[in-house]
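This report describes a protein structure in plain terms. The sequence and the model are shown first, and the notes follow.

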Amino acid sequence: MKRIFLMFLLVIVIIGCRQSATVGLTEGYWLSELQLGDNQLLPFNFKVVVLGNGEYNIELYNAEEIILIDEIQVLGDSVVIKMPVFEGYLAGKYNEKEINGKFIKENEERVVPFRAVHGIKERFKSNGIPNTNISGDWEVEFKPENGESYMAKGTFRQVDDKVTGTFRTANGDYRFLEGINSADTVKFSTFDGTHAYLFKAKTTDTSMLGVFYSGNHSKENFVAKRNENYELPNTEALTYMKKGYDKLSFSFPDTKGNLVSLGDPAFKDKVVVVQIMGTWCPNCLDETKFLVEYLKKHPNKKLAVIALAFEYAKTKEAAHKSIDRLRERIGVEYPVLLAQYGGIDKQRAEKKLPMLNHVLSFPTTLVVNKMGNVEKIYTGFNGPATGSIYDSFKKDFHSFILQLLEA
């Protein structure tokens, strides 16, 4: 009996030691690295804030952007960190110094291994004093391995060896990029729960030759030349109504199953902003935040917004769940209709909206006047990461809406 008691006591001691080894996430700064193809590592930084009673917040950093994460589950030595709005989450095993696991996006069937280390604030390690300063504007051509090349405009700011900025394309911007220019190599990255982007390039005073990794599923080469005068095509001229059409027509269900269309009495004699979007899309999220804020600052009974969601989710129920999550987290009070689920194929989207010449980008946003005619179409969205471009858009949008409301 005494021997059994001693063995039982030993088991309790062992279990107690194991539990004390994983008492919770360690507070402070962490450096995480996603494992991409070609043995590349995509770094991003976050800070764990211990709230007590087994609860945490996490601040995730990309240049000036701070993403607050408040859905963190810790059980034993396991942790699940669910990103706000987007379906992606980090899941792994942890101890006081490390987290090892995977970044998972279930609807897109994508899994990326990651490792996080406590106590490191730097995003990239320096390999020497930079040979160049890349501050300014760049004309950029991206060359996918399978697909047509496309143009972008890179705008960067370098202080010492630290670099921030973004790339803009006809479809919108690549959001907040942060990195380092070290010796003859520049590196920058971003991670926001859906975007997982890493850029690396060899630089001179006038050129870049690099590679762009999107998660572990996509790789594109790119070339850039310094060009302060380079401009992208006018995003208001890329998408337009086909000849013979002047009105936008659709009928899609809201999350309660009610069909909603522009012909409904709720939208009669109103200026209506129609947003073609998806809950998975970071640029759409930026635009949604802008629209929510705009309606709060400029309430008007003659102004309405409708969003048409095109979703990756494989079932209608899962798609509605994603929409409800977006509405709850961002405070969306206007209708978000389910236009498509099971994939975001743009050709399918075009069939749903045959009056458009194409659906080139998520988001695409149409402004409809009080008579129901389409007055303007924005392709893509340049969000807060674009600085003065975003500020100019906000002013132009407000001026145009006022013009239509007063007509």
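## Terms and basis

A residue is called buried when its relative accessible area is under 20%, exposed when it is over 50%, and partly exposed in between (1.4 Å probe, protein chains only). Helices (H or I, at least four residues) and strands (E, at least two) are DSSP runs, numbered from the N terminus.

The model is predicted: local features need pLDDT of at least 70, side-chain atom pairs count only at pLDDT 80 or more, and totals for chains, interfaces and linings use all residues. Residues are numbered from 1 along each chain as its sequence is written, and side-chain values use heavy atoms, with hydrogens and water left out.

## Helix 3

Helix 3 has 15 residues and spans 21 Å from its first C-alpha to its last. That is close to the 21 Å expected at 1.5 Å a residue, where the expected span is 1.5 Å times one less than the number of residues. Its buried residues are A319, H320, S322, I323, R325, L326 and I330. They pack against strand 5, strand 6 (78-82), strand 21, helix 2, strand 22 and strand 23. Contact here means heavy atoms within 4.5 Å.

One of the buried residues is H320, which has a relative accessible area of 13%. Leaving aside residues up to four places away in sequence, H320 touches D254, T255 and L338. Just after helix 3, G331 takes a positive phi of about 80 degrees.

Five strands form an open sheet in the order 23-22-21-24-25, with mixed pairing. Strand 23 (336-340) and strand 25 (374-379) are the edge strands, each pairing on one side only. Two strands count as paired if DSSP finds at least two bridges between them. Neighbouring strands of this sheet are turned by 20 degrees against each other on average, direction ignored. Axes are lines fitted to C-alpha atoms, for helices over the stretch in contact, and angles run from 0 to 180 degrees between N-to-C directions.

Strand 24 (residues 364-368) and strand 25 run antiparallel and are joined by five bridges. V367 has K376 of strand 25 as its bridge partner. Helix 2 (residues 282-297) packs on the sheet and touches strand 21 (271-277), strand 22 (303-310) and strand 24. The direction of helix 2 makes about 160 degrees with that of strand 21. Helix 3 also packs on the sheet, touching strand 21, strand 22 and strand 23, and its direction makes about 145 degrees with that of strand 23.

## Salt bridges

Side chains of opposite charge can pair when their charged atoms come close. A salt bridge is a side-chain nitrogen of Lys or Arg within 4 Å of a carboxyl oxygen of Asp or Glu. How many salt bridges does this rule give? The count comes to 22. R329 and D70 form a salt bridge, at 2.9 Å from N to O. This pair links distant parts of the chain, 259 residues apart: R329 is in helix 3 (residues 316-330), and D70 is in the loop between strand 4 (65-69) and strand 5 (71-75). R329 is partly exposed at 29%, and D70 is partly exposed at 39%.

E178 and R123 form another salt bridge, with the closest N and O atoms 3.3 Å apart. E178 lies in strand 14 (residues 177-182) and R123 in the loop between strand 9 (110-118) and strand 10 (136-144), so the pair ties together parts that are 55 residues apart in sequence. E178 is partly exposed at 22%, whereas R123 is buried at 7%. The side chains of E228 and R226 also meet in a salt bridge, at 3.9 Å from N to O. Salt bridges that share partners join E65, R175, D192 and D286 into one network.

## Cysteines and backbone details

A search of the whole structure finds zero disulfides, a disulfide being a pair of cysteine sulfur atoms within 2.5 Å. C281 is buried at 4%, and C284 is buried at 1%.

The peptide bond from F362 to P363 is cis, with omega near 0 degrees. P363 lies in the loop between helix 4 (346-352) and strand 24. A63 is not a glycine but has a positive phi of about 50 degrees, and its place is in the loop between strand 3 (55-62) and strand 4. V85, also not a glycine, has a positive phi near 75 degrees. V85 sits in the loop between strand 6 and strand 7 (89-94). A63 is partly exposed at 23%, while V85 is buried at 7%.
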